[in-house]
Amino acid sequence: MDVKVDRRLNALGAAEIASKIAAGEITCEAVTRACMERTAAREPTVRAWVNFNPELALAQAHAFDREPRRGPLHGVPIGVKDVIDTFDMPTEMGSPIYRGYRPTADAACVALLRRAGAVILGKTATCELAGMAPAATTNPHNAAHTPGGSSSGSAAAVADFMVPAALGTQTGGSVLRPSSFCGVFGYKPTYNTFNKAGLKPAAESIDTIGWIARSIEDIALLTAVLRMDEPRPLRSLSAAPRIGLCRTELWDSVQPETRSAVENAAAALSKAGAVVRALDLPGEFAGLPALARGTINHFERAACMAFEWDNHRQALSPQMRRYIESGLQTSRADYVAAWRRIEQCRALLPEVFAGIDVLLAPCVPGEAPKGLASTGDPSMQAMWTALHTPTMTLPTHRGPNNLPVGIQLIAQRYDDDRLFACARWIWDKIGAPEMVGVARI
């Protein structure tokens, strides 16, 4: 018997799906089918998925419709970046070295999602081994432009309404950059907030699992599940937020659309009642983006990739080989010196955030570049990733080609809930729902 699918269900957010299923208004199967139909229609262009198994997804949804509610995500479809292990489908990491690789266990984050009732819809495309060699994914707003990386498939699938939310990972800027380019919300929590067991490491001291979704409320719900916490409503601010306008040392390299996005956001938020003041980082922060993106990332990647380098070197992309060669040429002394600088700057963060709730900073140099040979520049997120601060991008602006340009919010370490509250206040003042995701579904 044919099952009638309400195609609008694929446009619902995670929290709304969970609520409607719990109320008996919709079924897990209906939502999953709607996401599958959207994927079937758009995947030939967007190419967001690498292991998309409709039969497996439907089997999960069908089972959930016939059992008691498992948890706060009962029946919610989720995408999983393909560097994160899943026991029931391959984890190929965008590399021929791992083609057909089948882990025997879920990563911790996937196991927690299943425990909460999530339907694992499939594996989303990633740059090779979460590096910079692009996947086949295109930007859902314009297929001639990059979706960003390395969580390219996750951002594109969420932006194109194929799935309400997806896991990404960030070592430099791999959650926030594709989220900005694709016009959705990206969140990188305080380092080690989400357990990394079952994640293929790139640079373990900075690798961070994060969320890509179409609302702040969804990110808060999904975060509660992975923090093994009780979901609760977003905290309300008792007063308008105090915002530090932090242009950073990279300001001279940003394109006009990013400059406008940040400065227009600051002006609009000040007009809305926020306390906004320009903030210059202490001199010790000079050069941090290059240290994070180069010295630390490359040195640790060379160690994480020792097996692949020694046994499958010819199967690695030129981009990955350059990374590893750079790491192998980096001395232990330079690596330790880089970390001493990072630690010195972390110790200064309380001074930076004195009297400030969040920083407002550029997220990306501009809108998604044309072409698919590069995933764009991660420099504007790399420093904050290495500092272990929680960050979020909001899809607030557009560039000259009508492509999304996000702003970046940064909070003090372990102050993620304040970041959520400030982001919600800021979005209420300057956000526009029509900016989120593709223009038409």
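Mentor: Let us begin with the surface of this predicted model. The accessible surface of the chain amounts to about 16,600 Å², and carbon and sulfur atoms hold 50% of that area.

Trainee: How many positive and negative side chains does the chain have, and how far apart do the centres of the two sets lie?

Mentor: There are 46 positive and 44 negative side chains. The centres of these two sets are 2 Å apart.

Trainee: Which share of the residues is buried, and which share of the contacts joins residues 24 or more positions apart?

Mentor: A residue counts as buried when its relative accessible area is under 20%. Of the 441 residues in the chain, 61% are buried. Among contacts with a separation of 6 or more, 79% are between residues 24 or more positions apart.

Trainee: How should I read the pattern of buried residues along a helix?

Mentor: The general idea rests on helical geometry. An α-helix has 3.6 residues a turn, so residues three or four places apart point the same way. Now take helix H1, residues 14–22, whose buried residues are Ala14, Ile17, Ala18 and Ile21. Viewed down the axis of H1, these buried residues fall within an arc of 95°, so they line one face of the helix.

Trainee: Which elements do the buried residues of H1 pack against?

Mentor: They pack against helix H2 (28–46), strand E2 (77–81) and helix H7 (216–226). Just after H1, Gly24 adopts a positive phi of about 75°.

Trainee: Where is a positive phi found in a residue that is not a glycine?

Mentor: Two cases may be set side by side. Phe161 has a positive phi of about 65°, and Asn402 has a phi near 60°. Phe161 lies in the loop between H5 and strand E4 (165–170), while Asn402 is in the loop between strand E10 (391–398) and strand E11 (404–410).

Trainee: Are Phe161 and Asn402 buried or exposed?

Mentor: Phe161 is buried, with a relative accessible area of 10%. Asn402 is exposed, at 51%.

Trainee: Which residues are joined by a cis peptide bond?

Mentor: The value to inspect is omega, which is about 0° for the bond between Gly149 and Ser150. Ser150 is located in the loop between strand E3 (119–124) and helix H5 (152–159). Ala143 also lies in the loop between E3 and H5. Ala143 is partly exposed, with a relative accessible area of 36%, and its contacts beyond four places in sequence are Thr45, Thr138 and Leu372.

Trainee: What does Ile243 touch, leaving aside residues up to four places away in sequence?

Mentor: Ile243 belongs to strand E7 (residues 242–245) and is buried, with a relative accessible area of 0%. Its contacts include Leu269, Val276, Val358 and Ile426.

Definitions and conventions:
Residues numbered from 1 in each chain as written. Predicted model: local features only at pLDDT ≥ 70, side-chain atom pairs only at ≥ 80, totals over all residues. Heavy atoms only, no water. Buried < 20%, exposed > 50% of the residue type's maximum accessible area, 1.4 Å probe, protein only. Helix = DSSP H or I, 4+ residues; strand = E, 2+ residues; numbered from the N terminus. Arc of directions from axis to C-beta. Contact = heavy atoms within 4.5 Å. Areas by Shrake-Rupley, 256 points an atom, 1.4 Å probe, with all protein chains shown as cover. Lys, Arg positive; Asp, Glu negative; His and termini not counted. Charge placed at Lys NZ, Arg CZ, Asp CG, Glu CD.
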